[in-house]
Amino acid sequence: MSNELPIGLAKNARRAWALDDVAVVPSRRTRSPQDVSLEWQIDAYKFDMPVIGAPMDSVMSPASAIALGKLGGLGVLNLEGLWTRYENPEPILEEIAHLEASDVSPENTRRLQELYSEPIKAELITARLAEIREAGVVVSGSLTPQRTQEFYQTVVDAGVDMFVIRGTTVSAEHVTDNGVDGTEPLNLKEFIYELDVPVIVGGAAGYTPALHLMRTGAAGVLVGFGGGSATTTRRALGIRVPMATAISDIAAARRDYLDESGGRYVHVIADGGLGTSGDIVKALAMGADAVMLGATLARAEEAPGRGWHWGLEAVHQEFPRGHRTRVGTVGPLEEVLWGPSHHTDGSSNLMGGLKRAMATTGYVDLKSFQRVDAIVSPLSQQDR
């Protein structure tokens, strides 16, 4: 049966669902939350929870990446951010936090663009990654596809354990026609083949582009366009795929690639639009192996954004498409992730919420939870 709906006489389109439109359904069996395991392993690295800190300056500093690693997750440092442009970015972060208290402000955007025009310094990439490594946690950094050719060798030489290539939309072959500063465009398949570390790459939001990314040798594929609540990609570019459908489509690509490759498993990582523990539950239920969290972790006291959230999209020099968004602060990072919670809206004790959802529906590990029953309940029809 076709899932297409007519828009008009000349165009049909698929019906797609957001995470708000779906819900998981309990089965005949329930479990105790104490019996639930949230362990997740990608390549040789095992984590106590399926959580990756988004490489955004409002979310991850070297200190918060270390804190997340010690709590059982993976922190990814933005290697094009303030921490690799300034020796001491704390005064810059303080200034950003005290800009005009408005999500939409051309003056704020202009100032952000000025602050991010400071050149990236290779020696600071090395120093920041070394700081994380000295803490004894898994070391991970992120570059956009446009900057990967320029700085990846510095990243690898610094001893990174896992490398993330994250952009609005990443293709398997050519990311840009002309390259950066006259360099050749990035060929992901050749690039990943030559690296000795696992690579997570994205965003992707459909079956075919995700399948091509899996064929490059990537260890994981990011589902979404990055930025989450801090991006205006839909309004600026007209691009959006609701996350429930996107995750399910890319989970299908993972299944087919597993068969095509003779058993090679590529992890599907939901990236964006995961504001509460319930969103995380539904993302994993749709087929994600892990989640990349931005705004959700930006609410932690340790977050460098000081209650504000923004991404690289917001500081693009030619076509900014994001806001500095007020997300507030709910408590320490440990409370946000593991509780105990004092909030009733799913903004803290995220892993406790996930454990309880898995226990209520009868599952004790993440992989089996992907089989949970789900229903479609569009937001417009729900009792709020």
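Helices here are DSSP runs of H or I with at least four residues, strands are runs of E with at least two, and both are numbered from the N terminus. The model described is a predicted one. In this numbering, Pro340 falls in the loop between α12 (333-338) and α13. The peptide bond that joins Gly339 to Pro340 is cis, with omega at about 0°.

The protein contains 14 helices and 17 strands. Its radius of gyration is 20 Å, close to the 21 Å that the globule rule gives for 384 residues, so the protein is as compact as a globular protein of that length. The C-alpha trace spans about 55 × 50 × 45 Å along the principal axes. Of the 384 residues, 55% are buried. Contacts between residues at least 6 apart in sequence were also examined; 67% of them join residues at least 24 apart. The accessible surface comes to about 17000 Å². Carbon and sulfur atoms account for 48% of that surface.

Backbone geometry was examined next. Most peptide bonds are trans, and most residues other than glycine have a negative phi. Gly203 belongs to strand β11. Asp43 has a positive phi, near 55°, and is not a glycine. Asp43 sits in the loop between β4 (40-42) and β5 (45-47). Arg306, also a residue other than glycine, has a positive phi of about 55°. The loop that holds Arg306 lies between α11 (295-298) and β15 (308-309). Arg306 is partly exposed, at 31% relative accessible area.

Four aromatic pairs are found in a search of the whole structure. In one of them, the ring centres of Tyr152 and Phe191 are 4.8 Å apart and the planes meet at 85°, so this pair is edge-to-face. Tyr152 is part of helix α5 (residues 145-157), while Phe191 is part of helix α6 (residues 188-194), so the pair ties together parts that are 39 residues apart in sequence. Phe191 has a relative accessible area of 4%; the cut-off for a buried residue is under 20%, so Phe191 is buried. Tyr363 and Phe369 are both buried. Ring pairs also link Phe163 with Tyr152 and Phe191 in a cluster. Elsewhere, a charged residue meets a ring: Arg324 lies over the face of Trp308, 3.5 Å from the ring centre.

Two helices illustrate how buried residues are arranged. In helix α10 (residues 277-285), eight of the nine residues are buried, so the helix is largely enclosed by the rest of the structure. The buried residues of α10 are Ser277, Asp279, Ile280, Val281, Lys282, Ala283, Leu284 and Ala285. Their cover includes strands β3 (22-24), β13 (267-271) and β14 (290-293). It also includes helices α9 (243-260), α13 (350-360) and α14 (366-369). Just after α10, Gly287 has a positive phi of about 125°.

Helix α3 (residues 106-115) has its buried residues at Asn108, Leu112, Gln113 and Leu115. These cover an arc of only 160° around the axis, which puts them on the same side of α3. An α-helix has 3.6 residues a turn, so residues three or four places apart point the same way. The buried residues of α3 pack against α2 (90-97).

Ala205 is located in the loop between β11 (199-204) and α7 (207-214). Its relative accessibility is 13%, and residues under 20% count as buried, so Ala205 is buried. Apart from neighbours within four places in sequence, Ala205 contacts Phe225, Val241, Ala246 and Ile250. The C-alpha atoms of Ala205 and Asp249 are 7.9 Å apart in space, with the two residues 44 apart in sequence.

Note on methods:
Residues are numbered from 1 along each chain as its sequence is written. This is a predicted model: local features need pLDDT of at least 70, side-chain atom pairs count only at pLDDT 80 or more; totals for chains, interfaces and linings use all residues. Side-chain values use heavy atoms; hydrogens and water are left out. Rings of Phe, Tyr and Trp (its six-membered ring) pair if their centres lie within 6.5 Å; planes under 30 degrees apart count as stacked, over 60 as edge-to-face and the rest as tilted. Buried means under 20% relative accessible area, exposed over 50%, partly exposed in between (1.4 Å probe, protein chains only). A charge sits over a ring if NZ of Lys or CZ of Arg is within 6 Å of the ring centre and within 35 degrees of the ring normal. Contact means heavy atoms within 4.5 Å. The arc is that of the directions from the helix axis to the C-beta atoms. The radius of gyration is taken over C-alpha atoms; the globule rule is 2.2 Å times the number of residues to the power 0.38. Accessible areas come from the Shrake-Rupley method with a 1.4 Å probe; for residues, only the protein chains shown count as cover.
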